Amino acid sequence: MKRRTRLALICSGAVAALSLSTAALAQDRVFDVPPQEAVRAIPEFARQAGVQIIAPADQLRGVRTRGIRGTRDVRQALAEILRGTGLTVASDDGRTIILRRVENDPDTPDQPDVVSIEDVIVTGSRIRGAPPSSPVRTVGREEIDRSGYATTGDVIRSLPQAFSGNANPGAFPIAGTAPVNNFSAASTADLRGLGPGATLTLLNGRRIAYNGNANIVDISIIPLPAVQRVEILTDGASSLYGSDAVAGVVNFILRDNYEGAETTLRIGGATQGGASERQISQLFGIDWSSGQLLFNAEYYQQDSLSADQRDVSKDLRDPYSLIPDQERISAMLVANQDLSDRTSLFVQALYAEKTVENVATYTYAAPTIYEVSGKTDTTQYGVTAGIRSDLAGGWRGELAATVSQNREDYLELHNIFAPYAVYFENDLKGVEVNAEGPVFTLPAGQVSAAFGAGYREETLDANFVSSAQSGARDISFLYGEMQVPVYDDGSSSVAVSLSGRQESYSEFGDVFNPKLGVVFKSDVGLKLRGTWGESFRAPTLFQIQGVRRATLYNASTFRVPGATASQTAIYVTGANPDLQPEHSTSWTIGADYSPRDLSGLTLNATYYEIDYQNRIVGGGNAVGIWDNPAFQHRIIKFPDVAIINALLAPPTVFGNVTGRTYDPAQVVAIFQVNQRNAQSQAIRGVDLRATYDWSTSKGDFSAFGDVSWLTIDQVDTPGAAERRVSGYIYYPAEYKARAGLSWTSGAFAATGVVNYVDGSIDNSGSFIGGAVNRDVPVSPWTTVDAQFSYSTGEDAGLASNVRVGLSIRNLFDKDPPSVTDSSGGSLSGGLGFDPQNASALGRVVSLTLSKAW
């Protein structure tokens, strides 16, 4: 009740204060105004700045402004956007700015279209132009083009703060935080390696339906050419965005200001063979006086990579797909239409179809060979439509509704069992209303607020073999945020942000998540920031109401000491109806520095801690854990028949791969590797980033370096000893780094990048010389990427506006570090490497040809 009262005070205070004042000119605001016609750019700039700008319409027609992105003083930002337009400020009383046209403007209009100030920061606040207190990393369109990546998943996995394991292509479901089998070869955003469910993924700030059986968001269906930028908030954000935003938020911002058409063709493949790629994309955009429309259609196809095509996995029985064959089509539509000078309609729509085929071969009961092949067909759509309007007093309101669905059909064929079909259908429906704007003015500046409310419904319909599963939940929410400047002497300032969100779940009840942020800025280019907040994540419907599967294996498969040929063990995976919600408390402290006397240099540093209670994790690899103290809570040794019967009772799906008749008297162990609530996890780390841009007579250069240090310590049950899980195979590496240098000169451009993943420890219970060795070092992995491109100008006839790009990933064809005898969690043995932290692809060369029309 107290938490409800706190949120009510935030929201009611904002409304009451609104009636006391009108907008005032802010010191610093966050801008994202693309280059466009002045008749559209000036009103948009005024909206983001929170000021009134007056200019005769006839003086704006035919004038094109520069773009501006980043945090800037309002007056400085206005000067930048007007440079070269022939427009200037005629008067400025601090509340209203009047523009006029001047003749013979000394500034030349042939400057670059976009003035790059610093990273665009939008995600992390509901208030326009609010200075961010949380760390935010933005990957813009230019960086995406320089990377040579083909998919959104490639972009996210390249970041040191993201984990490439769990639910990602080629990453087998091994580690403790992995969801169930990734049938559809989904790509996910997984910050800090806490599982994709702990990272909230948004498309233009909106949720989309979960994917298939894993209840994750498959970002691979988002066509990369339609993306303007990706905003990665690496801090807990449930106080604004609700459940799932524990490790952070990844928000894909779509291009909505593109004019013209662009056709892109891409082919590529691994030089060692396999995983060939083909990609075709068509982008189309139109801008008219009262609106815009963007449409992007994409076709993507990738051949499989078989284990017998790589030496590192040669001990796997053939056939075995390290990377499945997949084919996908995606389409994206973004449109805006002004109804008046204050009100507009907007819509975004996504549709995708995807087919994935893979094959695997196992030996469970020698000499019986178990072969399985699977085909997954996925269809997903999502539509968001709404209306936004400028309100009185500088406020802005928005009402939007979302409908989204994911349907996954999986067909599995076996050589010794009958085939079976599975389907999973996830639906999401929601509506949200929000408003934000200025409240009143303090001596230090303008106080702003935002508040909103909404309702969301999530449903699951699934059928796994003979077990039908369905579930639904209702979620209502209310949130508020305030930005308060508390000090400003002209050379330094301090601002405080307060936010809170109340969510009510139909099965878990109410939860309130608060957050506090503080920002100090000085005129020497230094910003200090800090945050504290609480977050919450409800178990997904599939984690609670999905399929729990119990499979009978030979006990020797799990290296049970002294196991006879007739003794068996039950391996339990999948859902757990007894799961409880997760809760976390996090805080960050960081600094951003852009020295005034060294233009182009930016330094960022952040320290963070997450105290994660009731963490939902899996049990890890069950091979060799019989006498490992860290896993005894997951093993029931020599269970009696009553325990076994209770476990196998419906809706549990039982399978027998021993080749013999099931006999409960022969069961010597139950390995419970389904998802469960661990008592706690403590996550700590440091992120460092440096960028430096400079120009010479030889061209323009841009250098960057990213380093991420991470530790994860876990207590599995009350009273158990804390154990380190990071730095071990199948879990996130403790150190990751990425550094590169880009060069551009005229039509030519080149980028070189070095990627580093720290070594780990193999504690899976591998047998070496007949003895168990639990701590086998695994080497670090360092790879080099290169990208070269050539672009023609606008006066090359049919060859105008053509870009040719050559991308080489893993230039020196480095194999993944060898793992002694890991089973890879698939119980097949002989995988030979850690697929959660490395890839067996080797060198991948791709050629891209694009033309703007």
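**Strand pairing and helix packing**

Q: Which residue stands opposite Arg548 in β27?
A: Gly574 stands opposite Arg548. Strands here are DSSP runs (E, at least two residues), as are helices (H or I, at least four), numbered from the N terminus.

Q: What kind of model is this, and how are residues numbered?
A: The model is predicted; local features need pLDDT of at least 70, side-chain atom pairs count only at pLDDT 80 or more, and totals for chains, interfaces and linings use all residues. Residues are numbered from 1 along each chain as its sequence is written, and side-chain values use heavy atoms, with hydrogens and water left out.

Q: In which sense do β26 and β27 pair?
A: β26 (residues 548-554) and β27 (residues 568-574) are antiparallel, over seven bridges; two strands pair if DSSP finds at least two bridges between them.

Q: What is the strand order in the open sheet?
A: The order of its five strands is β31-β33-β27-β26-β32, with mixed pairing. At the edges, β31 (635-637) and β32 (653-656) each pair on one side only.

Q: Which helix packs on that sheet?
A: Helix α9 (residues 641-648) does, touching β26, β27, β31, β32 and β33 (667-672). Contact means heavy atoms within 4.5 Å. The direction of α9 makes about 40 degrees with that of β33, where axes are lines fitted to C-alpha atoms, for helices over the stretch in contact, and angles run from 0 to 180 degrees between N-to-C directions.

Q: Changing topic, how many residues of β25 are buried?
A: Nine of the 12 residues in β25 (residues 526-537) are buried, meaning under 20% relative accessible area with a 1.4 Å probe, protein chains only.

Note on methods
Buried means under 20% relative accessible area, exposed over 50%, partly exposed in between (1.4 Å probe, protein chains only).
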